[in-house]
Amino acid sequence: MAVDLSLFNNSVSTLLDHLTRHYGEDAKLETYVICARVRSATIPGGSGINWIVNPGGEELAGGLLREVLKAVEGNGDLS
């Protein structure tokens with residue numbers, strides 16, 4: 001699988017810029033999940049979802065993913 005790492009690097013840079021700009025010095029990154037959908041004719045169903053959770057963040061990942069899903073379904077509105 002060929003991956004353009006510049007796209008990934010730009011996404012990480014954008015996230016880090018957002019976090020440092022919007023959160024104070026006392027903020028602590030609790031967990032992160034990198035999630036990707038891969039489409040391929042060789043995958044049953046045509047696509048698969050893959051994710052990576054930061055070390056030690058496994059117990060928090062489910063809650064984080066639920067919040068992301070709510071935000072995506074609500075177009076960013078978490079209420």
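This is a predicted model: local features need pLDDT of at least 70, side-chain atom pairs count only at pLDDT 80 or more; totals for chains, interfaces and linings use all residues.
**Entry 1: the patch.** I found a patch of about 1,000 Å². Its members are Met1, Val3, Leu5, Phe8, Val12, Leu16, Leu29, Tyr32, Ile34 and Ile52. Which element gives the largest share of the patch? Helix H1, residues 5–22, does, with four residues.

**Entry 2: Leu5.** Leu5 sits in helix H1. Is Leu5 buried or exposed? Its relative accessibility is 53%, and exposed means over 50%, so Leu5 counts as exposed.

**Entry 3: salt bridges.** Next I turned to charges. Side chains of opposite charge can pair when their charged atoms come close. I searched the whole structure and got two salt bridges.

**Entry 4: Arg21 and Asp17.** I was back in helix H1 for this pair. The side chains of Arg21 and Asp17 form a salt bridge, at 2.1 Å from N to O. The two residues are four apart along the helix, about one turn. Arg21 is exposed at 57% relative accessible area, while Asp17 is partly exposed at 38%.

**Entry 5: Lys70 and Glu67.** The other pair took me to helix H2, residues 58–73. Here the closest N and O atoms of the salt bridge between Lys70 and Glu67 are 3.2 Å apart. How far apart along the helix are Lys70 and Glu67? I counted three residues, so about one helical turn separates them. Lys70 is partly exposed, at 41% relative accessibility, and Glu67 is partly exposed too, with 37%.

Methods:
Residues are numbered from 1 along each chain as its sequence is written. Side-chain values use heavy atoms; hydrogens and water are left out. Patches are made of residues with over 30% relative accessible area and no salt bridge: like charges are joined within 9 Å, nonpolar side chains (Val, Leu, Ile, Met, Phe, Trp, Tyr) within 5 Å. Accessible areas come from the Shrake-Rupley method with a 1.4 Å probe; for residues, only the protein chains shown count as cover. A salt bridge is a side-chain nitrogen of Lys or Arg within 4 Å of a carboxyl oxygen of Asp or Glu. Buried means under 20% relative accessible area, exposed over 50%, partly exposed in between (1.4 Å probe, protein chains only).
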